[in-house]
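Please open the model in your viewer and keep the selection tool at hand.

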Amino acid sequence: MSRLLPLLAAVLATPALARDARPSWAEQIAAHGGPAAILCGQAGVLARVGGADVWLSRHPADWCYADAHGDVVWFGDARKRQVLALDLLGDADATVVVKGALPRFAIYWRNTPKPIAFLQQFSNDTHWMGLEVDGPRVVVYEGNLAFTLRDGILTRDRKRARIKDATFLRQLAERSARKAPAALPASPCPIGQPVPGLPPRLPGCDDASLCGRVTASVGSTPLCQVLVRQSCGDTCTARAVLWNAETKRFDSVGGVFPVYNPDTDTLAVGDFADPEWALASDDGQLLLADGALYDRAGKTLHPGLGAGPGGFYGHAPARLTPEEAAARYAEGLAALNACRDGEHFRAGCVAGPLATLRQAAEAGQIDAAYVLGSHLFSSRFMEAGADAKSPTDRADYLDALTWITRAAHAGHPKAKTYLPPEVMAVLLTGEAPQAALPEPFNDFPLPWLLAAARAGKPAARQVQIACTIHVATPDGRALVSSPRVGTLLGRPALFTLEEGGGEGQPPLSLRMELTPSLDAAGALQAGGTASLQVSDATALPHPIAPTATPQITLRASEQKAFDVACTVAPAE
């Protein structure tokens, strides 16, 4: 930290930024959990996440796509011939990026290896069009004919399409180029391989080599696209169905997609979604087809707004056991350290290790949360220079500070002291300071710290504590009980046991408070205090830990044996 402070002083010696209190679209989506399904239509653009609706824009949309890598939702207004972009790292409405001589088109996404926003847009059965953002250059192409950006004008023959916001496109290209592509799980679909059990030539296909083989997957799911119909005359047509690589059966996902019987080579006729335009969330639990949202069983979660294909933004945390998360942390930390070159890290080396650490941190591994947050924080300061005003800066700082805050809430000793006490107090309490923060944080945007405090605050989880309690006194009396008490994470649960004094025996009572929390591995635990009272002789509060056997000393100098064993679990 001592080496970091001079760097922070140089970076943060800038005028205070606007005290924007409103969270960005990305923050609003993250507050509901993830992932968000992006839906669109004439009513606007909507993010459906966690059962809640977040309206991103009320501008009519004839097509839309969520570019998760660029943190942008692209959509088009066919009537006005506009391509618009909504920056998810900001909180404003969409900006018009391209306007003019553009055909009416919908949009389709293909992943590309380069970390640049790339859109491949589909108009109708025979008309392809695309928009590619490549550094400061923008190319809009139609088949083999291309519009080229020259002095802010897209030209092709006598048609014109003007770039309305070239600055945004350049900024998008710059931030996309420095952002590592997300490490998505691989699909089990055997691309290019024939589907077992299908004949070498399907009757409904003119070209046998195109049918009966796995051509693509729906995201990382085991749902594989297979052509079963194909013909070419004046125009070419094709029909695809889905084959499940895990069950080894054709899968219509509850009737959402075409129903195919391989034994009779029959394809049901009906209003089915086209598998070639289907999209899946990163965890494979949600599907978008024809602009509507479904779960993996085919249940409709949202009928859509009439346009598509939409897309997904954000992801569900990795589902790891504590042991798996610890192993992932060790793997990521070793790989990160291998990237070191003295006090610095080799360029292009850390993306993979940080992705591994993020998986462990998302699964509750607190050491991973601290290492991830502290690395992101220090790296951002080194890269930001003296300008920390853009939405990208905000997103990067918020990401780093959120992980530091989560680790500090969980009791990580280094996280609790990573930044000056006044700054950590803001992050841990979520309250604005009464006095100016110390240099170099006196000019740091306070809304960013408060946003990180909100994002890093542990969720209020309902838990149950079950304790087996045994109290024995010298006179042979005992209290034995197994109460179960519900409470919220971070809130104390109160246990009380009482026994009235019999003839010649003083009253006996026990009061114990246990507070559930998360340990360093993210597992639930409980700790607190207990006191035992016999008549007017009262024990001092004694710290209690799970499975501990404390000895409580009464003021009357009597020794009382107090045994307690507790378990903490999520509420049923």
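**Whole chain**

With the whole chain selected, consider its contacts (heavy atoms within 4.5 Å): among those between residues at least 6 apart in sequence, 48% join residues at least 24 apart. This is a predicted model, in which local features need pLDDT of at least 70 and side-chain atom pairs count only at pLDDT 80 or more, while totals for chains, interfaces and linings use all residues. Residues are numbered from 1 along each chain as its sequence is written, and side-chain values use heavy atoms, with hydrogens and water left out.

The chain holds 10 helices and 36 strands, taken as DSSP runs numbered from the N terminus (helices H or I, at least four residues; strands E, at least two). Of its 572 residues, 45% count as buried, that is, under 20% relative accessible area with a 1.4 Å probe, protein chains only.

Between them, strand 21 (residues 286-289) and strand 22 (residues 292-295) pair in the antiparallel sense over four bridges, and D295 in strand 22 is the bridge partner of L286.

**Helix 10**

Finally, select residues 446-456: eight of the 11 residues of helix 10 are buried, so this helix is largely enclosed by the rest of the structure. The buried residues, including P447, W448 and G456, pack against helix 2 (25-31), helix 7 (391-409) and helix 9 (421-429).

Note on methods. Buried means under 20% relative accessible area, exposed over 50%, partly exposed in between (1.4 Å probe, protein chains only). Two strands pair if DSSP finds at least two bridges between them.
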